[in-house]
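Welcome! Take a look at the sequence and the model, then read on.

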Amino acid sequence: MAVKYELIKTCAQTGARLGRLHTPHGVIDTPTFMPVGTQASVKGMSPEELKTLGAQIILSNTYHLFLRPGHELVKEAGGLHRFMNWDRPILTDSGGFQVFSLSEMRKITEEGVQFRSHINGDKLSLTPESATQVQNALGADIIMAFDECPPYPAEYEYVKQSTERTSRWAERCLKAHSRSHDQALFGIVQGGMHADLRKQSALDLTSLDFPGYAMGGLSVGEPKHFMYEMLEETIPYLPGNKPRYLMGVGSPDALIEGSIRGVDMFDCVLPTRIARNGTLMTSQGRMVVRNAKYTNDFGPMDPECSCYACRNYSRAYIRHLIKADEMFGLRLTTIHNLHFLVNLMVQVREAIREDRLGTFREEFFEKYGMADN
Ligand SMILES: Cc1ccc(CCc2c3nc[nH]c3cc3c(=O)[nH]c(N)nc23)cc1
């Protein structure tokens with residue numbers, strides 16, 4: 001059974017939607033936050049811990065797995081689900097974005113992208129066809145079209161040329177996508193910070209009838225209000241019966257603001273990345289648990305949190321572990337941050353069900369503080 005989006009209801013107070021995304025490896029309640037597992041592992045987390053904290057889908061990366069261990073090895077292992085022992089849905093990104101954020105010496109042409117591996121300097125290339133074939137081999141339930149995420153800021157003319165090329169690449173991905181698997185190929189809308197290019201990109205991609213659409217080219221350093229404006233300029237041109245995925249967005253405020261504007265899927269490295277330097281997302285806003293003021297604090301990281309870390313360990317203990325460079329410390333902060341965002345989306349879905357997401361937004365921002373989190 002392929003990927004199918006079921007719209008359950010729209011929030012009466014906002015444009016948010018409650019839905020369920022059916023995939024060959026299970027169902028995802030939307031709006032959803034998807035933990036990032038770039039190299040076939042959500043750093044420091046076991047599949048059992050991810051299930052316990054409520055993760056319904058995780059992300060992995062074509063670029064990284066193509067370079068190491070290679071998609072043929074993953075295929076030989078039985079595919080990504082078998083390789084990492086994760087039997088729920090997986091989504092893989094197509095690799096274009098990571099080439100530009102990670103590799104040296106890269107060259108982009110109509111054909112695709114040539115680059116050097118950031119691991120060993122090997123000269124490599126990815127094209128719409130090869131990126132699609134790699135993802136077919138990895139076996140994720142949802143795979144992404146090969147696109148270029150224009151840098152920010154960028155000249156209008158550059159964004160226009162790049163976006164038009166991404167639309168041509170999307171068509172090539174569709175042609176290359178092997179239908180033998182039940183994988184769903186999502187298109188990625190580009191267009192930079194320009195409403196006219198966003199509209200054109202959405203029209204180009206929806207004419208190709210993908211089972212789902214991502215909005216790329218955002219969360220690349222632009223002011224947040226630009227991102228929200230581009231959502232408002234794009235979403236009206238996307239079909240209501242297909243899921244919308246806002247790539248690279250995961251701060252608590254952005255998850256709420258994106259849901260209000262009709263986004264169904266989010267991902268971000270933020271919760272796992274800041275956890276590794278001892279920064280926590282709590283109901284009272286951000287907290288740096290390695291701070292000296294927590295030395296003798298024997299309370300939980302977040303008194304309102306029910307995660308394994310907050311139920312069993314104190315701020316003083318976790319601060320000690322991080323200062324002592326004990327691995328367990330970063331596992332506990334990661335468990336907490338992932339639980340925080342997964343749980344935030346549980347509350348967002350509850351608020352949509354009860355037509356009060358606008359009210360929830362006010363209450364959450366009041367408590368969380370609107371620092372740029
Ligand atoms: C494992 C994994 C990590 C990261 C991602 C999303 C990575 C990501 C962006 N992150 C922030 N902004 C982003 C924009 C784009 C984009 O325009 N296109 C693509 N393909 N990915 C993006 C997906 C999967």
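D209 lies in the loop between helix 8 (195–206) and strand 12 (213–215). This is a predicted model, and in it D209 has a positive phi of about 55° although it is not a glycine. D209 counts as exposed because its relative accessible area is 55%, and the cut-off for exposed is over 50%.

**Other backbone features**

- A40 is another residue with a positive phi, here about 65°, although it is not a glycine.
- You will find A40 in the loop between strand 4 and helix 1 (47–52).
- With a relative accessible area of 14%, A40 is buried, because buried means under 20%.
- Between T30 and P31 the peptide bond is cis, and its omega is near 0°.
- P31 belongs to the loop that runs between strand 3 (26–30) and strand 4 (32–34).
- Y152 and P153 are also joined by a cis peptide bond, with omega about -10°.
- The loop between strand 10 (142–144) and helix 7 (156–176) is where P153 is found.

**The ligand and its surroundings**

- The ligand sits in the largest pocket.
- Around the ligand there are 21 residues, and the closest are D93, D147, Q190, G217 and L218.
- D147 places a polar side-chain atom 2.7 Å from a nitrogen atom of the ligand.
- Q190 has a polar side-chain atom 2.9 Å from an oxygen atom of the ligand.
- L218 takes part through its backbone, with an N or O atom 2.8 Å from a nitrogen atom of the ligand.
- On its own the ligand has 520 Å² of accessible area, and the protein covers 95% of that.
- By class, the shell around the ligand holds 8 nonpolar, 10 polar and 3 charged residues.
- At least two shell residues come from each of strand 5 (58–61) and helix 5 (96–102), and strand 5 gives the most, with 3 residues.

**Helix 6**

- Helix 6 spans residues 128–138 and is mostly covered, with 8 of its 11 residues buried.
- Among the buried residues of helix 6 are P128, A131, T132 and V134.

**E6 in strand 1**

- E6 has its place in strand 1 (residues 4–10).
- E6 counts as partly exposed because its relative accessibility is 35%, which falls between the cut-offs of 20% and 50%.
- In sequence E6 and L185 are 179 residues apart, and in space they are 17 Å apart, C-alpha to C-alpha.

Methods: Residues numbered from 1 in each chain as written. Predicted model: local features only at pLDDT ≥ 70, side-chain atom pairs only at ≥ 80, totals over all residues. Heavy atoms only, no water. Near = heavy atom within 4 Å. Polar contact = N/O pair within 3.5 Å; in protein donor to acceptor, adjacent residues only side chain to side chain. Areas by Shrake-Rupley, 256 points an atom, 1.4 Å probe, with all protein chains shown as cover. 1 Å grid on protein atoms, 1.4 Å probe; cavity = no way out; pocket = protein on both sides within 12 Å on 5 of 7 lines; lining within 4 Å. Sits in = over half its atoms within 2 Å of the grid points. Helix = DSSP H or I, 4+ residues; strand = E, 2+ residues; numbered from the N terminus. Nonpolar A, V, L, I, M, F, W, Y, C, P; charged D, E, K, R; others polar. Buried < 20%, exposed > 50% of the residue type's maximum accessible area, 1.4 Å probe, protein only.
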